[in-house]
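Dear colleague,

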Amino acid sequence: MATRTLDFPKMRFDRRKLNPWHVTIFLVVTVLVAVPVAILILGSFSNAKMPTDFTWATLTFANYPEVWLDPGTYNILYNTVVYVAGATFVGVSVAAILAWLVERTTIPGKIWIYAGVPLALAVPGLLQAMAWVILASPRSGFINRFAMDKLGFESALIDIYTLGGMIFVEGLRLVPTAFLMMVPLLRSMDPALEEAAYTSGARPLSTARKITLMLMAPGFVAVTIYQAIIALEVFEVPGVLGMPADIHVFSTRVYMLVAEAEFLPTYGQANALAMLYLGVALVASYFYWRLIRRSERFTVVTGKGYRPKLTPLGKWHYPAIGFVVLFMVLAIILPFLVLLYTSLVKTLQPPSWDVFSTMSFKWYSWVFDYGRFGSTLTNTFQMVFATATIVTVLSFAISLIVVRSKFVARRVLDQMAFMPHAIPGVVMGLAFLWAFLQFDKFTGTAMFGSIWSVVLVFVVSFIAYGTRTMNAAILQIHSDLEEAASVSGAPPWRTLWRVFMPLMMPSLVGIWVYVVLLSVRLAGAPLILYEGRRTEVLAVLIWYLWDDGEWEAVAAMGVMLMIGLFTLVLLLRGLGFGRSMAQAR
Amino acid sequence: MIKIENLHLSYQTDEGMVHAVRGVNIDIAEGQFFTLLGPSGCGKTTTLRALAGLETPADGEISIDGKLVYSGPKSINIPSYRRDIGMVFQSYAIWPHMDVFENVAFPLREMGGRMPKSKIRDKVLAALSLVQLDGYEDRPAPFLSGGQQQRLALARALVKEPKVLLLDEPLSNLDAKLRDEMRTELRDLVKRLGITTVYVTHDQLEALTMSDVVAVMETGLIVQESTPFDIYEEPRTRFVAAFIGQTNFVEGKIDAAANGAGRVGSVATSCGSLRCILPDGAGIGDAVSVVVRPEDVYLADQRSVDGDNMVTAEIAEIVFMGETLECTAIVGAETMRLKLHPSTRVEAGQSIKLVFPADRCRALAS
């Protein structure tokens with residue numbers, strides 16, 4: 001048939017001829033992802049004092065025995081395992097209970113839970129940890145002071161500077177993403193699968209155990225591994241809570257090796273340790289990837305309209321509501337209120353009536369008068385906007401090639417874009433530190449020490465997220481829609497502009513906003529790349545001010561930052577992005 | 001065997017309360033193949049789910065094999081898993097994390113008292129062979145074709161030899177050819193087993209070919225319940241007549257009531273006065289629709305006389321279907337569909353005389 005052989009040009013190209021555009025994108029991604037990792041690996045075999053001293057003659061195996069024979073390394077390994085396992089357990093269990101409550105029970109006020117839990121995304125790990133230090137540090141924490149001064153306890157009630165404290169705070173921080181991932185998991189399950197068990201004579205408990213749980217298992221394990229990777233990666237929480245008490249995990253130890261390098265150059269060792277860290281993260285990611293591959297075969301979704309049976313809570317009604325409220329208070333309300341309080345008092349002290357009468361906005365004016373604040377704010381805005389825009393555009397270009405083109409290396413491109421997902425921020429920062437110093441040495445430019453160094457690291461970190469979401473979004477747009485435009489006489493670029501872009505707009509904006517949200521919160525990589533005022537972003541400034549004991553000023557900045565982030569999260573919700581955000585992973 | 005009395009059921013949707021079942025009464029004899037037929041949203045699936053215990057009715061009584069499983073007044077509600085039923089879902093609901101054997105063994109493992117392994121094995125294999133799935137027991141369930149999943153769902157429903165088999169549109173996800181095969185196969189199987197079967201469908205062909213009794217539902221109520229033959233031949237309402245088979249409607253008013261012989265009277269329509277079977281209790285002047293099936297109409301010949309509902313028509317369109325000649329004819333102000341024998345010589349535009357046999361015309365209150 002004649003119509004069959006007609007080939008609409010569109011975005012498909014002759015297989016034999018490489019499209020220069022595809023090749024360009026491929027090369028850009030290769031340089032961004034592969035080169036820093038290669039340099040990181042090379043650096044781990046070098047005894048150069050500084051990355052700039054690197055020559056082929058400095059290659060040695062000495063760094064690895066150094067790291068592996070140090071008993072401290074095993075201590076770190078132990079701490080990391082306990083911390084990651086604990087935080088993941090806390091985060092995933094709380095999220096699972098919340099998701100089950102909203103999806104499968106008769107709990108009231110569901111819309112508030114759907115809206116409220118993701119709000120926790122707006123509480124950066126850095127500020128969450130700091131708020132809990134103010135509340136529960138052993139000597140001056142409000143809770144401990146109250147217990148000792150008013151209730152007559154001999155010693156501190158709780159100590160946040162412990163592995164337990166880190167697990168608690170990081171656990172809380174993991175809840176919103178885990179929740180967003182689990183809701184669709186619960187929602188997409190066909191209730192007929194459970195009903196078939198009832199009509200087969202299975203009791204509710206037996207059904208829950210043999211059907212519901214087993215069906216959820218692959219998805220549940222995938223969420224758990226994903227959250228474990230995040231916990232492994234995070235620097236801020238162990239940085240604030242672990243480092244003062246000399247409790248180190250991988251991320252903080254790598255940071256310390258670099259931060260101390262001014263006195264005792266140990267870059268090679270930092271790299272060697274980072275390799276181990278990277279290895280753990282890669283193994284975890286591999287299992288995650290295998291699991292989501294497998295779970296795709298579990299086609300539970302049948303596309304019928306579901307009206308899942310809701311479990312009446314009965315006497316558990318109030319405990320369930322209590323649980324939800326407790327989470328909201330601990331994860332969102334309390335940290336915000338603590339920082340708000342701290343930002344308004346003259347000097348930090350436990351709340352009392354006297355304190356309330358002396359409250360002022362003094363620390364806010366202090367912040368605005370503070371010389372470094374203005375430049376930091378400019379840097380942060382520059383960095384955040386550039387990162388979000390580059391990530392969105394680059395992910396769009398990558399996904400378009402991966403999903404729609406016949407480019408030979410599109411699979412490799414997809415995997416390469418996903419790989420940074422497994423690289424912890426601190427390691428990424430270290431890899432780029434080497435890459436920038438080498439780059440600057442050869443070209444005489446000054447990438448290192450400019451805000452663009454931070455932008456580049458974040459771009460690479462977030463394209464994994466960007467392309468995942470973008471792939472899903474593009475897949476949802478049936479190519480019929482574009483073909484219809486083609487046969488209506490629209491040339492490819494008009495099709496892109498008139499049909500494709502308008503349909504993609506919510507995804508593009510959603511990704512952009514989410515990347516803004518992510519990049520403004522993270523301190524790990526920017527701290528590694530910190531080189532004077534021109535690279536200082538808000539998270540870094542908060543970190544250093546906290547270190548200098550300017551807690552009230554930190555609180556004032558934190559309050560303003562959180563208000564901004566709350567607005568962004570609400571904006572994301574307004575875009576209806578919560579679900580696609582969770583599904584894309 | 002199954003008795004449903006005055007069943008009411010409503011549920012909350014995004015658009016508000018839906019009163020899905022509004023006083024349904026059903027009595028099903030042992031071994032009967034009973035079909036609930038109706039368009040989507042008529043409450044047939046909801047009724048079946050209430051029977052299975054998957055929905056909680058608002059009021060009424062349901063008993064299975066003489067045992068009360070639901071009673072509004074007596075506040076009895078036996079959960080699904082304690083009702084002696086087997087059910088096949090529209091989506092089959094095959095558990096993807098189990099293989100074929102485990103899917104079928106599941107109901108047996110859930111039965112009270114430990115069943116010996118060898119006995120479970122025997123029963124599962126017997127059930128699989130019943131649905132011709134022998135040799136598939138180690139296959140992971142998602143690796144079955146649609147038709148095989150359907151058989152597997154059936155084997156799972158039958159394995160514990162329940163008193164009642166419930167089928168919720170089980171054939172609707174199959175392709176046409178497979179559906180034709182499964183129709184007879186399914187009916188033969190349940191008849192051979194002698195199991196009481198409740199079948200839900202919106203497909204009139206399935207209902208007519210498979211059932212002992214068909215109950216047609218409309219907006220939460222059963223509007224007619226009888227054998228497939230009677231449903232087709234003597235539809236009691238316009239809705240039933242229109243839903244099952246092709247039908248011509250001619251609107252009119254009764255102008256002569258039934259006289260002694262049978263219930264045949266006369267209706268004044270735009271095609272002239274038609275003699276037809278009148279509904280019980282109808283009087284002169286009542287507005288009615290006269291129902292004539294397309295296959296009952298024939299061309300007048302020399303033996304036809306005026307008293308035979310003979311009308312003049314003009315053929316508007318002819319479609320040759322192989323076994324029939326489907327024509328559209330203009331009769332007075334009405335357009336009617338006819339099924340004529342394929343050897344009939346007619347052409348579009350031709351004026352012909354048609355006979356509507358009086359004993360095949362049925363007036364229904366409109």
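A:Asp414 counts as buried at 16% relative accessibility, where buried means under 20% relative accessible area, exposed over 50% and partly exposed in between (1.4 Å probe, protein chains only). This is a predicted model, in which local features need pLDDT of at least 70 and side-chain atom pairs count only at pLDDT 80 or more, while totals for chains, interfaces and linings use all residues. Residues are numbered from 1 along each chain as its sequence is written, chains are lettered from A and ligands numbered from 1 in the order in which they are written, and side-chain values use heavy atoms, leaving out hydrogens and water.

A:Asp414 meets A:Arg468 in a salt bridge with 2.7 Å from N to O (a side-chain nitrogen of Lys or Arg within 4 Å of a carboxyl oxygen of Asp or Glu). Over all chains, the structure holds 24 salt bridges.

Another salt bridge joins A:Lys210 and B:Glu110, at 2.5 Å from N to O; A:Lys210 is partly exposed, with a relative accessible area of 26%, whereas B:Glu110 is buried at 15%. In chain B, B:Glu161 pairs with B:Lys123 in a salt bridge whose closest N and O atoms are 3.4 Å apart, with B:Glu161 exposed at 58% and B:Lys123 partly exposed at 22%. A:Glu195, B:Arg49 and B:Glu55 form a network of salt bridges.

Chain B is assigned domain 1 (2-239) and domain 2 (246-365), with bounds from an automatic or database domain assignment. Two salt bridges are counted between these domains.

Best regards
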